[in-house]
Amino acid sequence: MEHGEPTPPVPLVKHHAGIHSSDEEFLAVVVPFLRDGIVAEDEPDPVVITTPRKLDLLRDALGPDARQVDFRDSARWYRGSPANSMATALDYYVTHASPEGLLHMTGEPVWDGRTARQIPEWKRYEALATELFTGAPPDLMCLYDTRTAPPDVVDAARHTHPTELNRQGVQPSSLFTEPAVYATQGLGPLPAPPPDAVGVGLDGDLTAGHRFAADQARARGMAPEEAARFGQAVSGATRYAAAQGCERAHLRLWSTRQRIICEVRTPHGRITDPFLGFRPPGAEARPEDGLWHTRQVCEFVDMRSGDEAREGWTIRMETALVTAG
């Protein structure tokens, strides 16, 4: 940012990027954050999620205060898809936060072993956290170690977190991008289904799509229980279409040796919420509630929508083809 330019507005959310490049920097950022949570009045014990080695560093640095911190292994916390990890974080928050919603949480996502397909999803996960917790009271910090996190991941952290937390305290991120804008950047058209994809038209009863998906999954060797779960995941998309007033939709399904993919395409309507299906069901039912289950079952859920309602939208669901036996 050049001298004289206004500081970008910071959303009403405490979601910091704790970027560090050494163990000493790690402790300099995390220990004060945890101690703030320990001494905060009417606030439960803070939680830190990182590698076992770093957890040991923190225990040594905190001394007796370590008894007032909940230490969690990041390999167990950040399992599955970003939607699975968000469900874990939300469940922990609801279970452990104070009645006023206060809680200090800091975690280091796992980047080792992530594929080129998975990494963009995990980057968007951070934008999602900013979106979901805007206006909420917890103090959140995500840790990025430049020794292990790829450079593009560290750069993305400065776009998805409104603030950075370092030795100087909380600093606004000059690169911060509004979550909905960041989540939709670089989303080109979905690749066309392969020639051997099978399809079915749904007319009237869109909810019947789950039977088609489950039957096809079983026919391709998927274990019956997993096939049923996949069918229910697909029904989250078809039920959403029905709730939006769509009377017709088209399903196409295909598979490889390791993956199964099904898409729902509507002839009209728009999807304008890039975080559809990431918000857990609440006390009042919503049309998108079924998509929460879809995202919990499927590793990837890609959504594309035209700029106008007459162009329709597509939800493509992909997960592992878990075979029977």
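These exercises walk through a predicted model, each with a worked solution.

Residues are numbered from 1 along each chain as its sequence is written. Local features need pLDDT of at least 70, side-chain atom pairs count only at pLDDT 80 or more, totals for chains, interfaces and linings use all residues, and side-chain values use heavy atoms, with hydrogens and water left out.

**Exercise 1. The open sheet**

Task: Give the strand order of the open sheet of five strands, then work through its pairings.

Solution: 
- Start with the elements. Helices (H or I, at least four residues) and strands (E, at least two) are DSSP runs, numbered from the N terminus. Two strands pair if DSSP finds at least two bridges between them.
- Write the order. It is 8-9-10-12-11, and the pairing is antiparallel.
- Find the edges. Strand 8 (198-203) and strand 11 (300-305) each have a single partner strand, so one side of each lacks a neighbour in the sheet.
- From one strand to the next it averages 15°. Axes here are lines fitted to C-alpha atoms, for helices over the stretch in contact, and angles run from 0 to 180 degrees between N-to-C directions.
- Take strands 8 and 9. Strand 9 covers residues 248-255 and pairs with strand 8 over six bridges, antiparallel. Valine 198 faces leucine 253 of strand 9.
- Move to strands 9 and 10. Six bridges link them in the antiparallel sense. Histidine 250 is opposite arginine 265 in strand 10. A hairpin of three residues joins the two strands.
- Finish at strands 11 and 12. Strand 12 (residues 313-320) pairs with strand 11 over six antiparallel bridges. Serine 305 has tryptophan 313 of strand 12 as its bridge partner.

**Exercise 2. Threonine 266**

Task: Locate threonine 266, decide whether it is buried or exposed, and list its contacts.

Solution: 
- Threonine 266 sits in the loop between strand 10 (259-265) and helix 10 (289-297).
- Apply the accessibility cut-offs. Buried means under 20% relative accessible area, exposed over 50%, partly exposed in between (1.4 Å probe, protein chains only). Threonine 266 has 3%, so it counts as buried.
- Check its side chain. A polar atom there lies 2.9 Å from the backbone oxygen of histidine 268.
- List contacts (heavy atoms within 4.5 Å). Leaving aside neighbours within four places in sequence, threonine 266 is in contact with Ala241, Cys246, Arg248, Ala249, Glu311, Gly312 and Trp313.

**Exercise 3. The cysteines**

Task: How many disulfides does the structure hold?

Solution: 
- A disulfide is a pair of cysteine sulfur atoms within 2.5 Å.
- Count. The structure holds zero disulfides.
- Cysteine 246 is buried, at 5% relative accessibility.

**Exercise 4. The nonpolar cores**

Task: Which residues have the most contacts inside the largest nonpolar core, and which helix gives the most to it?

Solution: 
- Define the set. A nonpolar core is a set of buried Ala, Val, Leu, Ile, Met, Phe, Trp, Tyr and Cys residues joined through side-chain atoms within 4.5 Å.
- The largest core has 35 residues, and Trp77, Met105, Trp111 and Tyr144 have the most contacts inside it.
- Find the suppliers. Elements that each supply at least two residues include strand 1 (14-20), strand 2 (47-50), helix 5 (118-133) and helix 6 (151-160). Helix 4 gives the most, with seven residues.
- Separate the other core. A second one, of 31 residues, includes Ala237, Ala249, Cys262 and Met303.
- In soluble globular proteins, nonpolar side chains tend to be buried together.

**Exercise 5. Aspartate 42**

Task: Where does aspartate 42 lie, and what is its phi?

Solution: 
- Aspartate 42 is in the loop between helix 1 (23-39) and strand 2.
- Read phi. It is positive, about 60°, although aspartate 42 is not a glycine.
- Most residues other than glycine have a negative phi.
- Check accessibility. At 59%, aspartate 42 counts as exposed.

Notes:
A polar contact is a pair of N or O atoms within 3.5 Å; within protein, one must be able to donate a hydrogen and the other to accept it, and residues adjacent in sequence count only if both atoms are side-chain atoms.
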